Amino acid sequence: MDQSPPARLPDRGPRNQPPPSPVPDRGPLGQPPGSPGPSTDFLVPIVDSENAQFWEGTAIGELRMQSCSNCDRLRFPPRPMCPYCHSTRRSWKVMSGHATIWSFIVAHAPLPPAYAQMSPYNVIIVSLDEDPVLRMVSSLLDHPGGAVNEVNPATIQIGEPVKAVFCEQAGIWFPRFVRA
Amino acid sequence: MPKSPLQDAAAIVGIAQSEFAKHLEPSEQELAAKVVVEALFDAGIDPSEVDAMCSLSMESTEEVAIASNIGAGDLTFFSQVGYGGGGGCATVGHCAMAVATGQATVAVAWRARKRGSGPRPWAKTSGELAIPGRWTRPFGLIRPVDEIAMLTRRYMHTYGATREHLANVAIAARFHANRNPKATMHDRTLTRDEYFSSRWISEPLCLFDNCLESDGAVAVVVVSADRAKDCRNKPAYVHSFAQGLPRQSQSMVNFFCDDPLKGPAWACARKLWANAEIGPQDVDVAQIYDAFTPLVLLSLEGYGFCPRGEAGGFTEDRNLEWGVGRLPINTSGGSLSEAYVHGFNLITEGVRQIRSTSTSQVEGAKTCLVTSGEGVPTSAILLRG
């Protein structure tokens with residue numbers, strides 16, 4: 001049942017090798033929606049017309065949030081309509097990348113194999129400084145380019161200030177966070 | 001305020017469940033058809049009289065399959081409810097609305113699942129992700145337990161709840177399962193030491209904070225209050241029913257609204273109590289959806305059994321246990337220790353409490369609250385004898 005190796009201490013060395021699997025046949029950017037994807041070791045974000053500019057931003061080191069072009073309210077996850085003023089005019093704004101940790105977990109096996117290999121690893125939710133209701137799921141790294149299992153989980157605290165960094169995995173630039 | 005037209009207008013008059021186990025041989029369709037027929041026998045109603053059906057949208061056995069197996073008559077109402085474990089009580093509620101409004105006369109709701117035998121739904125790493133999942137799963141927040149662990153950590157931080165409180169929930173469920181010969185965990189006790197020495201699954205949740213992985217099937221029969229008087233067993237009237245999908249909420253990854261710790265239970269409870277003649281203080285026993293122990297804490301607050309942030313304390317002094325506590329919950333062992341069939345076994349146990357046939361019978365129980373999954377768009381029914 002449990003396919004994972006025994007739990008390892010979180011102070012082992014960095015693991016930042018590219019994943020062993022090939023990048024999926026369909027590129028994660030601009031892939032046709034609705035088509036069944038090939039099997040990959042990692043779950044990849046699905047890019048569509050609504051969120052493409054988010055991922056275009058992370059590829060050039062920008063953390064972007066969708067913004068209503070009518071009332072200027074920010075919203076996340078992206079969607080066509082502003083829930084406050086019902087405008088469908090929308091654009092993207094670049095955030096500072098500063099945030100605080102809202103919550104976190106440490107995932108242990110059983111997990112899909114590629115994730116079990118990295119476990120235990122952290123997953124965090126951050127609140128962006130621009131509006132604390134803008135919350136994003138991400139990872140806390142020890143340093144830019146670090147691995148998701150390097151930070152000793154016992155040291156992670158809700159409320160810690162963090163800063164966005166951008167790391168490539170399976171051809172995608174993920175926003176992740178380091179301590180500010 | 002005018003009385004809700006649904007109040008006590010329909011009743012659960014038949015219940016049935018399969019054996020619960022890690023692995024059962026029959027197919028989901030066979031299990032489903034058998035429990036539906038057994039529930040109808042329990043009610044004293046011939047299967048040919050069935051004219052309404054309701055199930056979860058994730059149910060693999062559709063109405064046409066059930067109807068053709070059991071020899072149902074012409075169906076004039078059928079519906080499915082979304083959002084997984086949030087929809088269990090809603091299937092009963094939809095049946096109740098159908099028979100109370102005259103759209104149908106005999107309604108059945110069922111759930112058949114071979115989760116114990118089948119693959120884990122989260123194990124698949126290919127294919128499309130649901131839209132909110134696109135912002136969470138690629139970051140390693142993959143399993144339902146991870147999603148609920150995230151809320152749990154925040155809850156513990158905000159209100160000072162501890163793992164002792166989560167253990168109280170797990171131990172209460174196991175205590176009740178030990179009293180129920182049909183529960184998967186009937187023969188296995190759970191001590192506090194065992195809870196605290198178990199392995200992590202997703203910190204701060206350990207193995208015993210998670211429900212079982214079960215094969216099993218459950219069905220209930222719903223008819224109007226008039227018809228219920230003629231049935232074989234004591235009716236469990238649907239005194240009140242509500243669904244809840246609060247503003248800006250998501251399913252499972254409910255992190256993006258203003259107040260993620262005030263989940264769908266709050267919206268559901270507002271309507272449930274508004275439609276009822278009684279309040280939480282009048283509830284004798286409750287079946288609270290327990291795919292994960294922290295869902296019980298969040299639900300106790302949402303349904304008004306304690307003030308916000310105080311559910312941890314509410315679990316202390318064996319307060320959730322039969323024979324001891326103010327509010328015995330999950331008296332068959334629940335999802336944690338009887339079987340995980342998306343909470344449908346909580347519904348049948350609620351009916352048994354009203355019939356006075358539970359293995360952990362609350363003396364003189366007249367009211368039982370049954371809730372569906374918290375953390376997803378949810379539903380609840382208030383049963384009354």
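Axes are lines fitted to C-alpha atoms, for helices over the stretch in contact, and angles run from 0 to 180 degrees between N-to-C directions. This is a predicted model, in which local features need pLDDT of at least 70, side-chain atom pairs count only at pLDDT 80 or more, and totals for chains, interfaces and linings use all residues. Residues are numbered from 1 along each chain as its sequence is written, and chains are lettered from A and ligands numbered from 1 in the order in which they are written.

**Exercise 1.** Describe how H4(B) and H9(B) pack.

*Solution.* Helices are DSSP runs of H or I with at least four residues, numbered from the N terminus. H4(B) spans residues 144-159, and H9(B) spans residues 293-302. Their axes lie 10 Å apart at an angle of about 55 degrees. The pair is therefore oblique (angles under 35 degrees count as roughly parallel, over 145 as roughly antiparallel, 65 to 115 as roughly perpendicular and the rest as oblique).

**Exercise 2.** Which residues of H4(B) and H9(B) meet?

*Solution.* Contact requires C-beta atoms, placed from the backbone, within 7 Å. From H4(B) come B:Ile148, B:Leu151, B:Thr152 and B:Tyr155; from H9(B) come B:Pro294, B:Leu295 and B:Leu297.

**Exercise 3.** Is B:Met156 buried or exposed?

*Solution.* B:Met156 lies in H4(B). A residue is buried if 20 or more other C-beta atoms lie within 10 Å of its own, exposed if 12 or fewer, and partly exposed in between, with C-beta atoms placed from the backbone. B:Met156 has 20 such atoms, so B:Met156 is buried. Not counting residues up to four places away in sequence, B:Met156 touches B:Ala161, B:Thr162 and B:Pro204.

Note on methods
Helices (H or I, at least four residues) and strands (E, at least two) are DSSP runs, numbered from the N terminus. Two residues are in contact if their C-beta atoms, placed from the backbone, lie within 7 Å.
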